[in-house]
Structures are given as structure tokens and as C-alpha cells.
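Work through these exercises with the sequence and the model side by side. Try each task before reading its solution.

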Amino acid sequence: MSQLSVLTTQLNRLRRRRLLTRWATAWSATILACLWAVLVLFALDWLLEMSVPQRIVGLVFAGLAIAWVFRRYTWPWLGHREDLLDVALIVEDRQHIDSDLVAALQFEQAESGSWGSADLKQAVVNYVAEFSPSLDVFEGFGYRRFRRRVIALLVTIFVLGTLAIFWGAYLRVFGNRMLFGSAHYPTDTRIDAIVINGETTFRAGEDAKNHTLTVPYGRPLAFEVQASGVLPDVGRVRMTNSEHGLSVEEELPKLKSSQATDQNTYAGSVSKLIDTVQYQVFLGDAWTDPLTIEVIPQPVVSVNLTPNPPRYATLVEDDSLVAREGTRQLAVIEGTDVVIDVQCDNKPLQRVWLTVDEQEFSLEQSDKDGHAWRLAGEQSPLWDVTESVSYTVQVEDGDGLQLEHPIRGTIRIRADRKPILRNVLLGTKQVLPTAKQMVSYQASDDYGLSQIRLRVQVVRNDGEMETREQELIVVPQSNQPQRTLAGNYRLDLEPFQLEKGDELKLTLEAFDYRGEAPPQSNFSEPLVMKITDLQGILAALGEGDEKAAADLGTIIELGAGDTE
């Protein structure tokens with residue numbers, strides 16, 4: 001057993017006490033800085049109701065202050081280390097003892113065997129071993145700085161404890177706000193809940209800062225605020241559009257008992273919301289942080305009608321048959337197939353339908369994402385249009401939002417006019433029964449002619465009537481379109497076995513070209529001829545000569561008068 005065991009035991013106790021004192025002194029400064037930072041932040045936040053950015057700045061400064069205290073008052077104490085010889089030197093200095101303590105401790109070490117005289121070393125060890133039991137190694141050591149810091153720490157803890165007892169609700173709110181919550185310090189008036197259009201957007205004690213209410217474009221807003229505590233007669237809601245810098249306020253009057261089961265209810269409304277806004281409710285001395293109402297935009301829809309006219313109409317260049325993008329009104333040839341396309345630029349659609357005569361026809365999606373829709377084919381009411389059609393288009397997006405006003409349009413029938421005919425009788429209106437009468441004709445149509453026919457009607461002296469038809473021109477389909485046909489035709493009257501006094505009516509009938517559809521026809525003015533004999537022809541010629549002579553005399557007389 002070592003002769004200096006009593007001394008080493010006392011020195012080790014002193015070293016451990018000094019180590020604990022240093023740690024307590026060091027960390028008490030940092031803990032004290034943290035507690036005072038909490039008190040300062042609490043006071044500032046309570047007085048100023050700091051916003052989230054302000055709270056972030058306050059926490060940063062508090063962290064910097066705590067770091068400075070740690071570096072200045074804690075780290076120097078933690079960086080100091082002491083062994084047994086260091087403690088012995090401190091004891092020698094405090095109690096004004098010669099260096100025998102340190103020497104004796106060193107002479108007891110194994111490596112001291114080669115150091116000087118063995119007798120001298122043993123004498124020093126024996127001397128120290130004799131008086132060490134009566135030596136008080138703790139004498140002369142003070143803990144003044146440690147006591148000051150501990151007292152300051154206890155006072156601060158007492159202050160915080162008192163706040164926790166009497167202002168516990170405030171400290172809970174402070175903790176929520178330092179974690180960037182939206183809680184407010186207690187007020188005389190308490191906003192318990194906010195309900196908009198039947199949906200609860202705020203409830204006291206819950207963090208509502210991330211709650212965003214979505215409302216379809218143009219829908220009204222109905223506010224209902226439930227409160228407790230000191231209740232004013234009227235509250236207000238402020239709505240702000242930060243993008244346009246606009247702000248409006250609406251009153252929230254307190255509902256009477258006959259209007260609500262809960263007398264602590266305030267209500268108000270906004271007729272129409274067209275932009276995303278942030279809103280705050282103010283009631284007495286209570287208010288809420290800004291919350292967002294996001295407006296869901298309406299679908300931006302365009303309608304395009306593509307006419308596919310009958311094939312015969314496409315053989316003729318006609319600008320009126322060309323589709324115009326974005327048109328809702330259209331005039332088409334009878335029998336045209338119209339394809340309707342609906343395009344939504346800002347969002348996909350869930351459903352698109354066409355209404356004709358109060359009957360709905362669903363369009364089919366024509367792309368992958370639901371932006372384009374189409375209706376075509378025989379199931380469409382716009383297929384093979386034969387009469388004017390009025391239609392409406394309505395859509396529905398993924399939010400259940402429809403167009404505020406359905407898109408309306410009309411498809412009118414553009415007439416395929418009947419052929420136009422002009423005929424001329426070459427010769428007199430009185431002919432012999434065996435004559436070969438020359439008839440000149442001309443016909444035109446906007447999309448083509450298929451046939452010209454001559455109709456001959458004989459009215460005999462006895463009143464008997466006879467009608468015959470004769471084809472003049474038949475245009476094969478391979479030669480279409482033939483928009484104009486003209487020519488001369490010599491009609492042989494001999495086969496009709498006519499007699500003097502009979503009457504002939506010549507009428508031309510022209511048929512247009514309409515492809516597979518039946519053609520439409522039109523008639524010319526009838527040419528009327530009288531059947532006579534040779535004497536009748538001569539008399540008619542004489543009457544013509546006498547009329548010509550009379551006309552010539554009138555001209556001469558008028559000329560002579562002018563000369564005078």
C-alpha cells in the first residue's frame with residue numbers, strides 16, 4: 001500500500017470537485033443565455049405580434065447571442081484540464097507549502113528509481129506521509145463565480161416558472177409561434193371557427209396557415225364566423241388581391257337568435273369572386289392571419305365547325321365552303337356533313353356535350369389529356385344537314401366547373417339554286433305544219449348541269465292536248481361539272497301532224513347536278529307558235545313590212561323636225 005494514499009485520495013476528491021464546479025460554471029452561462037433569449041423573444045413577440053420573417057430574424061439573433069456567450073463564458077472553462085500534480089501545485093500555492101507535496105508524489109512513481117539518492121527520496125515521502133492526514137486540501141478554494149451564476153440561473157428559472165403558472169396559455173402560444181405556427185396570444189374576443197361555403201377553413205387551436213379554400217370562378221362566398229368571449233355587434237372580413245393591389249372589406253353582423261341556433265355567430269357574403277384573394281377576419285381585439293381563397297378558372301373553350309359538303313359541290317371552287325377557324329355560325333349546302341371540334345386551352349375536360357332540340361349528344365375525347373373533343377359520324381345531329389340547326393355546347397372540367405354561358409351557334413342551309421334558263425325562238429311565231437323550227441337556248445347552274453330537256457305541248461283546234469318530251473343534252477358524270485350549257489336545236493314539226501289553227505308551246509327544262517342526290521330542275525318561259533298556211537305566212541310578212549315602213553316614216557319626221 002502506498003504511503004501517500006491518504007494524500008492522493010484527498011487530491012483526487014479535490015480534482016473531481018473542481019471539475020464539476022468548472023462544468024457547472026461553464027454551462028450555467030450558456031443555459032442562462034438561452035433562458036434570457038427566450039424571455040426577450042417572448043416580450044418582443046407579445047408586444048409586437050411579430051410576423052414569420054420577423055420571428056426568423058429574432059431566432060437568428062438569439063442564436064448568435066447564445067453562441068457568443070458560449071464562446072466567451074463557457075468554452076474557456078471546458079478547455080481546461082487538471083491532473084493530480086496540477087492539483088498538488090494549486091494546494092501548495094494556496095496554503096503556502098513548500099514543494100514537498102509534488103516531490104513526494106513524483107518520488108513514488110516507478111520511473112523515479114534512477115533519480116538521485118534513495119534515502120533522500122524516502123525521507124521526503126515519509127515527511128509528507130506524516131503530516132498529510134492533518135492537511136485540509138480544500139482550504140483556500142472559493143466558489144464565488146460559481147455561486148453568482150447559479151443564483152442568476154435559479155432566479156431566471158423562478159421567473160419562467162412564475163410565467164408558466166400564471167401565463168401558461170401565453171407561453172404555449174409563444175412556443176407555437178416560435179415553431180412558425182399561426183396561434184395568437186389570448187384576447188378578450190376569441191375567434192373559434194370560420195366556415196366558408198359550408199367548409200371549415202379555420203378552427204381555434206389548429207394550424208390553418210396552409211389551408212387553401214378553392215372556389216369556382218364567379219361563385220358567391222358565404223362567411224360564417226363563430227366566436228366567444230367579449231362579442232362586438234359587428235365584425236369584418238378583409239379580402240386582398242396582392243397581384244392587383246386591391247383590398248375590400250365586408251361587414252360581418254352578429255346574427256340574431258332567430259337567425260341562428262348559436263348566438264355567437266357572425267355572417268356575411270360576397271356576391272361573386274373572380275380572382276384569388278387572401279382574407280382576414282377581424283372581430284373585437286381578435287384577428288386571423290391571412291388565409292387564401294383560390295379561384296378555379298373557368299375552362300377557356302373554342303368551338304370549330306368543319307363542313308364537308310357533298311362531293312359534287314367540291315368540284316367547284318367556292319370560298320364559302322371553306323371552314324373558318326373559330327366560327328360558330330355556318331351556312332352549308334344541303335347534305336353537308338359538319339364535324340364539330342371543341343378545344344380547351346387551360347385545362348383538361350371531363351365531359352363535353354352538344355344540345356340540339358333539347359337532346360344531348362356527347363362528344364368523344366380526341367387527344368390523350370382531355371383538351372380536345374370531337375363529334376362526327378352518323379350519330380351526330382350535324383351529319384347530313386338538310387335544315388337549319390341551332391345548337392349549344394357545354395363542358396365540364398375535373399373540378400365540376402361548367403361554362404357560365406353555353407356556347408351557342410347556328411348552321412343555316414345555303415340554297416343550291418335551280419338552273420337558270422333562257423331560250424329564243426329563231427324565226428316568226430307563225431309556222432307551217434311541216435317546218436323545222438330553230439330554237440336557241442342557254443342554261444347555267446352554280447354547281448353544274450346534268451340534263452336539258454325540251455317539252456313540246458300541242459293544243460289542237462278541237463281542244464285536245466298532247467305533250468311530248470325530248471332530251472337535248474345529257475352530261476355524263478365523268479364530265480362534271482358543266483356549269484353552263486348552250487346551243488341551237490332544230491325541231492321538226494312534221495311528226496306532230498299539225499294543222500292550221502293548232503298551237504305549239506315549247507318549254508325547256510334544265511336539271512342541275514347533285515351527285516347521288518336527285519337533281520332539281522327549272523323551266524324556261526314557254527315559246528308559243530301558231531300553225532298556219534302559206535297565205536298566213538305572207539300576211540304576217542306584210543304586216544311586218546307595213547310596221548317597218550311606219551317606223552321608218554316616224555324616224556324621218558322626227559329628223560326633219562330637228563333640222564328646222
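**Exercise 1.** In what order do the four strands of the open sheet stand, and is the pairing parallel or antiparallel?

*Solution.* Keep in mind that this is a predicted model. Start with the general rule: strands of a sheet pair through backbone hydrogen bonds, either parallel or antiparallel. Now read across the sheet. The order is 11-13-17-16, and the pairing is antiparallel. Next, look at the edges. Strand 11 (301-308) and strand 16 (364-365) each have a single partner strand, so one side of each has no neighbour in the sheet. Then move inside the sheet. Strand 13 (residues 337-344) pairs with strand 17 (residues 372-375) over four bridges, in the antiparallel sense.

**Exercise 2.** Describe the open sheet of five strands, from its order to its edges.

*Solution.* The order is 12-19-18-14-15, and here the pairing is mixed. Strand 12 (329-333) and strand 15 (359-362) are the edge strands, each pairing on one side only. Neighbouring strands of this sheet are turned against each other by 30° on average, direction ignored. Now pick one pair. Strand 14 (residues 349-356) and strand 18 (residues 389-397) run antiparallel and are joined by six bridges. Within strand 18, Glu 396 stands opposite Arg 351.

**Exercise 3.** Find the residue with a positive phi in the hairpin of strand 1 and strand 2.

*Solution.* First locate the strands. Strand 1 covers residues 189-196 and strand 2 covers residues 199-203; they pair antiparallel over four bridges. Check a pair: Ile 194 stands opposite Phe 202 in strand 2. Then go to the turn. Two residues lie between the strands, and Asn 197 takes a positive phi near 50°.

**Exercise 4.** Which residues make the nonpolar surface patch of about 630 Å²?

*Solution.* The members are Trp 36, Val 40, Leu 44, Trp 46, Leu 47 and Leu 48. Take Leu 48. This residue is found in helix 1 (residues 5-48). Its relative accessible area is 58%, so Leu 48 counts as exposed, the cut-off being over 50%.

Notes: Residues are numbered from 1 along each chain as its sequence is written. This is a predicted model: local features need pLDDT of at least 70, side-chain atom pairs count only at pLDDT 80 or more; totals for chains, interfaces and linings use all residues. Side-chain values use heavy atoms; hydrogens and water are left out. Patches are made of residues with over 30% relative accessible area and no salt bridge: like charges are joined within 9 Å, nonpolar side chains (Val, Leu, Ile, Met, Phe, Trp, Tyr) within 5 Å. Accessible areas come from the Shrake-Rupley method with a 1.4 Å probe; for residues, only the protein chains shown count as cover. A salt bridge is a side-chain nitrogen of Lys or Arg within 4 Å of a carboxyl oxygen of Asp or Glu. Buried means under 20% relative accessible area, exposed over 50%, partly exposed in between (1.4 Å probe, protein chains only). Two strands pair if DSSP finds at least two bridges between them. Axes are lines fitted to C-alpha atoms, for helices over the stretch in contact, and angles run from 0 to 180 degrees between N-to-C directions.
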